[in-house]
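The sequence and the model are shown first, and the description follows.

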Amino acid sequence: MKIELNKQTGEDKMNTVKEMVKGIVTDSTGKAYGSLNVEGLYIDVEILDMRRVWARIDYLVRPVQGSGEKWVSSDRVTQS
């Protein structure tokens with residue numbers, strides 16, 4: 001996800017998680033999915049939450065099959 005800056009103030013246009021969620025593609029149930037790149041191996045994941053950390057965005061992801069949750073950089077997740 002690309003972070004856009006306000007041309008007048010130079011501030012990040014996405015100020016809240018609610019605004020970030022608008023940029024995520026969801027299915028008919030409202031859930032967001034992607035593929036997580038783990039050293040060249042792509043794992044299908046559900047995107048559960050998002051957070052802004054300095055100038056990057058992280059996703060809380062859970063594998064579609066399997067268990068566990070992990071915060072990862074949005075750069076490692078491609079939209080399905």
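How many bridges join strand 1 to strand 5? Strand 1 (residues 32-38) and strand 5 run antiparallel, and 3 bridges join them.

## Basis of the description

This is a predicted model, in which local features need pLDDT of at least 70 and side-chain atom pairs count only at pLDDT 80 or more, while totals for chains, interfaces and linings use all residues. Residues are numbered from 1 along each chain as its sequence is written, and side-chain values use heavy atoms, with hydrogens and water left out.

## Confidence

pLDDT is the predictor's confidence in each residue, from 0 to 100. Its mean for the protein is 78, and 66% of the residues reach 70 or more. Confidence is highest in strand 4, at 95, and lowest in helix 1 (residues 17-21), at a mean of 54. Helices (H or I, at least four residues) and strands (E, at least two) are DSSP runs, numbered from the N terminus.

An open sheet is formed by 5 strands in the order 4-3-2-1-5, with antiparallel pairing. Two strands pair if DSSP finds at least two bridges between them. Strand 4 (70-73) and strand 5 (77-79) each have a single partner strand, so one side of each has no neighbour in the sheet.

## Val72

Val72 lies in strand 4. Val72 is buried, with a relative accessible area of 3% (buried means under 20%, exposed over 50%, partly exposed in between, with a 1.4 Å probe and protein chains only). Leaving aside neighbours within four places in sequence, Val72 is in contact (heavy atoms within 4.5 Å) with Leu36, Ile57, Asp58, Tyr59, Val61 and Val77. The C-alpha atoms of Val72 and Ile57 are separated by 8.7 Å.
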